[in-house]
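I open this notebook to record what I looked up in one structure. The entries below follow the order of my reading.

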Amino acid sequence: MKYLIGLHLLIGAFLASAEDQRPNIVLLYADDLGFGDLGAYGANAIPTPNMDRLAKEGLRFTNGHAPSATCTPSRYAMLTGEYAWRKKGTGILPGDAAMIIEAGRTTMASVLQTNGYQTCVVGKWHLGLGVGNTDWNKPLSKTPLDIGFTHSFIMAATGDRVPCVYMRDREVVGLDPKDPIEVSYQNPFPGLPTGSANPELLKMHPSHGHDQAIVNGISRIGYMKGGTAALWKDEDMADTFTGEAVKFIDSQKDKPFFLYFALHDPHVPRVPHPRFVGKTKLGPRGDVIVQADWCVGEILNALDRLGLTEKTLVILSSDNGPVVDDGYKDDAVKLLGDHKPAGVLRGGKYSKFEGGTRVPFITRWPGKIKPGVSAALVSQVDFPHSFAGLIGKKFDAVTAPDSLDLHRALLGEDVVGREYLIEHAGGLAIRTAQWKYIEQSNGQRKTKETNTELGNDTVGQLYDLLADPGEKNNVVKEHPEVVTKMKQELKKIIGKNPPQ
Ligand code: NG6
Ligand code: CA
């Protein structure tokens, strides 16, 4: 009996220590940050000491991918483990869209929540809220709280879309009930100024689109009325989100936690706090990357201060590649100089070329991850299964057909990662460690507005990424056997769970 009790205690202690091994997870997710935008990936026009610190102390991936070349589909895939192109209605959403992830669905957050983690999202959401026809003056029926988050402090969509307010859990923060919010993506509110009618009221002018409601001297996509006390000030957004993120870490320091910090920068409108203005010679786009780097630094400092650095897996990445002019006259094109936001890669946000989805991707967990560089092919769509794998669980939802348990790759123990990866920007491309095949398409080659090479061509394109990382030489004719294999695999992957 004595021995049995002894054994029991021993097993108990072992289990407790196994539990203690479970790391906190902090996912720092920038918006439109390019493969070449930080020092660790070769930039020298933008100082990013905190992101570079992560790379130095952790593992810097050279083949880390966002699932799509724009925000909503990337985030949909990252949260659910299902590629967005399988499901209708997962393109860039307006700010009044219904939530596109079903309540109760297993996500990268819920798998941690059901295993005892406190889970928090702070920042950009852009996956819809409520069920449609949202009344912003009432608690919302569908929010991050319904898909695995215990805490939520978000903006509904993007910085350039109404409603320009923060939401905590189910409610708008700081709303005066006597000044209710109305939102419309169809019609302007009579009597209210707009960017197109009243350019004299603007402190930043649109270059394309973005000429509707004016909030804080900046015109946006969509119309809104009321909610004056709740409106955000773009200059303070990075401070506000970072403050919330640090507050969450402080409050959870003794329990395992997951923080999904979805930074707004460097998405448009690019409006740095005055203390970051002029920190680069690149104008607002460079300055808000410095601001994003500061946000990262504040999180790393909080982990250091609380003694959590060794207990925390930090992941830094971006939801899609970079764009220079994304709709505001912020001098980003004029002041770009030699800076290459996508580094050696071709294309950027919206593109099927590598610049669309290959993004900064860094993991750090001191003592567990050996610092270095990894060429493993990994995607954010793998987070759901990998987070489960990391805590010794299975992500057993059948709703995540595209997610793999690559936690060993994230920790640097597996240097290969995926065999195949799908890239998505309107149409699809498929790649392996060496090859990239882009399906033929009749889409336009380049967008006039953003000047992005979209990767469309009326013939299929095959690139040898090892020899030609910039996707300059289409070798589709030279390697018919590779093309056949890639097409077959693409068909197989699509067929696994055909698009709706
Ligand atoms: C585009 C916007 C762009 C940006 C993008 C979404 C116009 C002309 N362009 O439609 O500015 O908001 O949508 O970006 O409106 S994302 O990173 O959220 O996907
Ligand atoms: Ca984005």
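I looked up burial first: D31 and D319 are both buried, meaning under 20% relative accessible area with a 1.4 Å probe and protein chains only.

I noted the conventions. The model is predicted, so I kept in mind that local features need pLDDT of at least 70 and side-chain atom pairs pLDDT 80 or more, while totals for chains, interfaces and linings use all residues. Residues are numbered from 1 along each chain, chains are lettered from A and ligands numbered from 1 as written, and side-chain values use heavy atoms, without hydrogens and water.

I then asked which residues supply the protein donors of the calcium ion (ligand 2). I found D31, D32, D319 and N320, with donor atoms 2.2 to 2.7 Å from the ion; a donor is an N, O or S atom within 2.8 Å of the metal, or 3.2 Å for Na, K and Ca. Their spacing in sequence is D-D-x286-D-N. D31 sits in the loop between β1 (24-30) and α2 (49-57) and D319 in the loop between β13 (312-318) and α7 (354-357), so the pair ties together parts 288 residues apart in sequence. Helices (H or I, at least four residues) and strands (E, at least two) are DSSP runs, numbered from the N terminus.

I turned to ligand 1 and its polar contacts, pairs of N or O atoms within 3.5 Å. An oxygen atom of ligand 1 lies 2.8 Å from a polar side-chain atom of K349. For the side chain of H267 I recorded 3.0 Å, and for that of D32, 3.2 Å. The protein buries 85% of the 450 Å² that ligand 1 exposes when taken alone, by the Shrake-Rupley method with a 1.4 Å probe.

Methods. Buried < 20%, exposed > 50% of the residue type's maximum accessible area, 1.4 Å probe, protein only. Polar contact = N/O pair within 3.5 Å; in protein donor to acceptor, adjacent residues only side chain to side chain.
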